[in-house]
Amino acid sequence: MSDTAEKVKKIVVEHLGVEEAKVTPEASFIDDLGADSLDTVELVMAFEEAFGVEIPDDAAEKITTVKDAIDYIEKQKGE
Amino acid sequence: MFQNGFSPRRVVVTGMGIACPLGLGVEHVWKRMLAGESGIGSIQSFDTSALPAKIAGQVPAGTKADGGLDISEWIPIKDQKKMDRFIQLALVAAEEAVADSGWAPQDEEGRCRTGVMIGSGIGGLETIDEASRLAVQGKTKRISPFFIPSALINLASGQVSIKYGFKGPNHSVVTACATGVHALGDAARLIALGDADVMVAGGAEAAVCELGVAGFCAARALSTGFNDTPQQASRPWDEGRDGFVMGEGAGVVVLEALEHAKARGAKIYAEVIGYGMSGDAYHITAPAEGHEGAFRAMTAALRSAGVTPEQVQYVNAHGTSTPLGDDLELEAVERLWGDAGKDLAMSSTKSAIGHLLGAAGAVEGIFSVLAIRDKVAPPTLNLEKPSRESIIDRVALQAQPRKIEVALSNSFGFGGTNASIVFRAAP
C-alpha cells in the first residue's frame, strides 16, 4: 500500500470512528462506513489539509469510496 | 385554545442529571454540596493573564467512576466534533436523567409523546470563536460543516432527541441566566396542557472560554478580587462580594404527567406545582429597584401553585454574589414573605459552583427538589458577614436540616427576565 493510501486510511479511521479493517479500497463512505453528507464534506477537508491539495466541490462529489480519494490525491500529487 | 374542554394535568419530576463544577452525578454533587465543598478554581483551560477574572467553576476532568468528566466515556470521538461543549454537557446530564427516570418508550406513540426542551444562555461560544479566527485569517474554506449545528442552542435538544428517538415537542429556551427555570417551567406547561406526556428539560452552558470571560469582565460582572483564593470568590450577601464567578455545566430533569408516572410505577421525586414569569422593562443588565420584577415572578409562581408564602420553607435564590443583585433579591423576598420570612431558609448554591448562566436554573431546580427529598437546606458558602441583616436565614456556611415540603427557585437574566418555579414533595 502506498504512503498516500496509508494516510487516507488513517484519516478515515479517525474521522468516522470506524475499525481499520473496514476501510477497504472499495468501501463507500456513506454506504459502508456510516458517514452522512456532512461527514464526507469534513472528510474531504481533512484530506485537503493533510495532503496540501485543493479538492474542488465538483471533484469532491465524485469521491465516494476510499479508492476514489486515494486516486484523486495521488493524481494531484503526480505520484 | 382548548375549546375541547381539556383541563391542565399535574406534573412530576421522575429523573435528574447533573454535570457541574462539583462533578458528575446528582448524588455525588449533592453530597459534596452539603459537605460545604466548592467547585471553584483557577482557570487552566486557557491563558487568563490578560483578563482581570482568572477563576471559574469548571466541570472537573476525571472518570465516570470518580465523578469527573472524560467525554470519550460518553460520546464517540466521531460525534464529539459535531457539538460544542455545552451540548456535550447536556448529553451527559440527559443520560443520567433519562436512565434515572427509567423511561424508555418501546413504541412510536410513547416516543411521539416524549419531548425535549434544553436551553442555553449563550450556546456554542467557543465554537463560534474558533470559526471566526479562521475567517479572520482568510481561511473560510477550513470552517467545519459542523460549525453551525455545533453552535446552535437548540441543538442540545436536537442531539438528545436524536440519541433517544424522542419525537415529541423539540424546543429550546434562550433567556440568559433565567433559561434553566424557563425550560423547566415551560416544559411542565407543555405536559400540563397535553402537548407531551414526558419532557426532558433543562439547561446547559459552557461559556468559560476566553471570549466569554472577557465579555463578562467588560460588563464588570465578575469577581476579580479573589483570584488567589478562588473558593472564597462566590460569596452571596457577604459584604466582601465583588461580582459573580462563571460556572459551566448542565442540569437536566425528566418531567412527566403524574398519571403517566403512576401508571408505569415510576419513582417520583417531587411535583412541579407553580411557575411564574415577569419582565423588568428597566435595564439591559441591572435589576429594577426593589427587584420588583423578581417580586412579581415569585408572586405569580406562588399564585399558580396555590400556596401562600408561609407554606414555602426553602428558597434557592438567584444570589449571584453581585453587589447590587443579592440585596435587591433579598428585599423582594422579605417583602413577599413578610413576617413568615422568619421561618424561611434561603440559600445560594452558586456559592459552591458559581453561576452556570443558562444551566443555573436547571441545576438549582434539582437542588431544590433534593432539599425537599432530604429535608435539608444546602449552605451559602463564604457568607461570613452579611452586608445587611435580615430575618431570613440564609443558611450561612453549613447545611441545615429543615422541614422542607415546598421550595421555590429563582432565576433572573440580562434583559430583565425573571422566572420562579415551585416544587412540592411527591404526592
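Predicted model: local features only at pLDDT ≥ 70, side-chain atom pairs only at ≥ 80, totals over all residues.
Residues are numbered from 1 along each chain as its sequence is written, chains are lettered from A in the order in which they are written, and side-chain values use heavy atoms, with hydrogens and water left out. Local features need pLDDT of at least 70, and side-chain atom pairs count only at pLDDT 80 or more.

In chain A, an unreviewed UniProt entry places the feature "domain: Carrier" at residues 2–77; such annotations may be inferred rather than shown by experiment. Over residues 2–77 the chain is 59% helix and 0% strand. Helices are DSSP runs of H or I with at least four residues, and strands are runs of E with at least two.

A:Ser28 lies in the loop between α1 (3–16) and α2 (37–51) of chain A. A:Ser28 counts as buried because its relative accessibility is 12%, and buried means under 20% relative accessible area with a 1.4 Å probe, protein chains only. The side chain of A:Ser28 reaches the backbone nitrogen of A:Asp31 at 3.0 Å. Leaving aside residues up to four places away in sequence, A:Ser28 touches A:Leu33, A:Thr64 and A:Thr65, where contact means heavy atoms within 4.5 Å.

In chain B, helix α3 covers residues 85–101. Its 17 residues should span 24 Å at 1.5 Å a residue, and the end C-alpha atoms are 24 Å apart, so the two values agree. The expected span is 1.5 Å times one less than the number of residues. Of the 17 residues of α3(B), 12 are buried, among them B:Phe86, B:Leu89 and B:Ser101. At the start of α3(B), a side-chain oxygen of B:Asp84 comes to within 3.0 Å of the backbone nitrogen of B:Phe86. After α3(B) comes B:Gly102, with a positive phi near 70 degrees.

Technical notes
Buried < 20%, exposed > 50% of the residue type's maximum accessible area, 1.4 Å probe, protein only. Polar contact = N/O pair within 3.5 Å; in protein donor to acceptor, adjacent residues only side chain to side chain.
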